[in-house]
Amino acid sequence: MTSQPKITASLEPVPQLDLAAQYAAIGSEIRTAVERVMASQQFVLGREGAALEDEIAKLCGVAHAVGVASGTDALILALRACGVGAGDEVLLPPFTFVATGSAVSALGAKPVFADIRPDTYNIDPSELERRITPRTRAIVVVHLYGLAAEMDPILTFAKSSKLPVIEDNAQAIGACYRGRRTGSLGDAACVSFYPTKNLGAYGDAGMVVTNSAQIAARIRTLRNHGQSEKYRSAEPGWNSRLDEIQAAILRVKLRHLSDWKRARQSHAAEYNQLFSQIPGVMPPLAPEGFEHVYHQYTIRIEQRDALQKFLSERNIGSTVYYPYPLHLQPLYASLGHKPGDFPHAERAAHEVLSLPMYPELRKEQIARVVETIAEFLKC
Ligand SMILES: Cc1ncc(COP(=O)(O)O)c(C=O)c1O
């Protein structure tokens, strides 16, 4: 460290995420919305869900949105609507939450991994060419931590290879890539409203967003037992509907999302400024033309595990997203991968650490986190 950052750190615990602070701020709005659903006694496929679909479609800059039961279901249904089935191959990054891969596996298709870029943690477009085979049927890109993948070369490659692109936008709702919203860039995109997400429900919920009327119509059918009209099913589907209580809660939170995004971005700027004086820590990159929404503020540091222990002993929360890349998960042992196959994903899995990040985080808490990391590095 060249000079001490100007820090006035408090000694209170700093959680990695504080949903209670959010509820304290918006609890009365939430209770009013839930009461509205109770009064309507309409709990599934009603006005709240339809209104949320319109609002999320608008936010993502697409023509259609279809509410489903989770982000995982959104991925499975989007893949299926794009024609992926048993025996097909799907290209995806190995450094992501397991759901990105298990959605592919759920359809009997095979995940084929393409390594990430070491600076953004997102899929490396130049890797796609190396991994494509005659059985490749789709590409899934993940906008990890709230930062869009480098979409232009991916979309060019997909177009020339005639492959659909599905965006796993679970972590990046509201993010932008060169002036366009994530979720509007591929053929379809999945949104997760898992409670810890930037826009989180009070339970599981998800959505598929797309500009394709055909994909949207197919997912509306599939999410409701394949029924194209009431009690008439033309193909197997299942129950993957987003309920009215979750939709009403999400509509309240959606009104706050852009303020929350700005708060996250301001916290990230504060962290970045303090870390600029601390060698040995690599803050997250937000390349020119990319708007990062900081679902996570993730640093990279060689002594990651020791740092996490040091922080935890001082009541500072942190999380490793994700310690095992998909190709080394027991789930995918049958694919025959070994350490070294995807070196950037493996190195990231050893070195990343997500620090406290939520809109209600305070400057002195950020100062305490950075000061503690500086203290660790001096040990
Ligand atoms: C990158 C990614 N993909 C998919 C999912 C799955 O979403 P859900 O938990 O809503 O099923 C998540 C979140 O959990 C995620 O972070």
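M38, F43, V44 and L45 together make a nonpolar surface patch of about 300 Å². Please keep in mind as you read that this is a predicted model. M38 belongs to helix α1, which covers residues 19–40, and its relative accessible area of 34% makes M38 partly exposed.

L45, another member of the patch, sits in the loop between α1 and α2 (47–60). L45 counts as partly exposed too, at 38% relative accessibility. Its backbone deserves a look as well: phi of L45 is near 50 degrees, a positive value in a residue other than glycine.

## The largest pocket

If you are thinking about open space in this model, start with the largest pocket, which has a volume of about 370 Å³. Its lining is made of 23 residues, and those nearest the centre are F97, A170, S192, Y194 and K197. Sorted by class, the lining holds ten nonpolar, ten polar and three charged residues.

Which elements supply at least two residues each to this lining? They are α3 (71–81), α4 (98–106) and β8 (188–192). Helix α3 gives the largest share, with three residues.

## Two cavities

Searching the whole structure turns up two cavities of 30 Å³ or more. The largest cavity has a volume of about 60 Å³. Around the largest cavity are L17, D18, L19, Q22, T196, K197, N198, K253, R264, Y358, P359 and E360. That lining divides into four nonpolar, three polar and five charged residues.

By class, the lining of the second largest cavity has six nonpolar residues, two polar ones and one charged.

## Salt bridges

Side chains of opposite charge can pair when their charged atoms come close. In this model, the whole structure contains 28 salt bridges. One of them joins the side chains of R255 and E29, at 3.0 Å from N to O. This pair links distant parts of the chain, 226 residues apart: R255 is in the loop between α8 (244–254) and α9 (257–275), and E29 is in helix α1. R255 counts as exposed at 56% relative accessibility, while E29 is partly exposed at 26%.

Another salt bridge brings together R135 and E89, at 3.6 Å from N to O. R135 lies in the loop between α5 (125–131) and β4 (136–142) and E89 in strand β2 (residues 89–92), so the pair ties together parts that are 46 residues apart in sequence. Are the two partners buried or exposed? R135 is exposed, with a relative accessible area of 52%, whereas E89 is buried at 5%.

The side chains of R232 and E229 also meet in a salt bridge, this one at 3.9 Å from N to O. R232 is exposed, with a relative accessible area of 54%. Elsewhere, R36, E48, E55 and R251 are linked in a network of salt bridges.

## Backbone details to check

A few local features may interest you when you inspect the geometry. Y321 and Y322 are joined by a cis peptide bond, with omega of about 10 degrees. Y322 lies in the loop between α10 (304–313) and α11 (343–351).

Along with L45, whose phi is near 50 degrees, R178 has a positive phi in a residue other than glycine, with a value near 45 degrees. R178 is placed in the loop between β6 (176–177) and β7 (180–181), and at 40% relative accessibility R178 counts as partly exposed.

Finally, take S126, which is found in helix α5. S126 is exposed, with a relative accessible area of 51%. The C-alpha atoms of S126 and I154 are separated by 8.4 Å, and the two residues are 28 residues apart along the chain.

Technical notes: Residues are numbered from 1 along each chain as its sequence is written. This is a predicted model: local features need pLDDT of at least 70, side-chain atom pairs count only at pLDDT 80 or more; totals for chains, interfaces and linings use all residues. Side-chain values use heavy atoms; hydrogens and water are left out. On a 1 Å grid over the protein atoms alone, a cavity is a set of points where a 1.4 Å probe fits but cannot get out, and a pocket is an open set with protein on both sides within 12 Å along at least five of seven lines; lining residues have an atom within 4 Å of a point. Grid points are joined across faces, edges and corners, and a volume is the space filled by probe spheres set on the points. Helices (H or I, at least four residues) and strands (E, at least two) are DSSP runs, numbered from the N terminus. Ala, Val, Leu, Ile, Met, Phe, Trp, Tyr, Cys and Pro count as nonpolar, Asp, Glu, Lys and Arg as charged, and the others, Gly among them, as polar. Patches are made of residues with over 30% relative accessible area and no salt bridge: like charges are joined within 9 Å, nonpolar side chains (Val, Leu, Ile, Met, Phe, Trp, Tyr) within 5 Å. Accessible areas come from the Shrake-Rupley method with a 1.4 Å probe; for residues, only the protein chains shown count as cover. A salt bridge is a side-chain nitrogen of Lys or Arg within 4 Å of a carboxyl oxygen of Asp or Glu. Buried means under 20% relative accessible area, exposed over 50%, partly exposed in between (1.4 Å probe, protein chains only).
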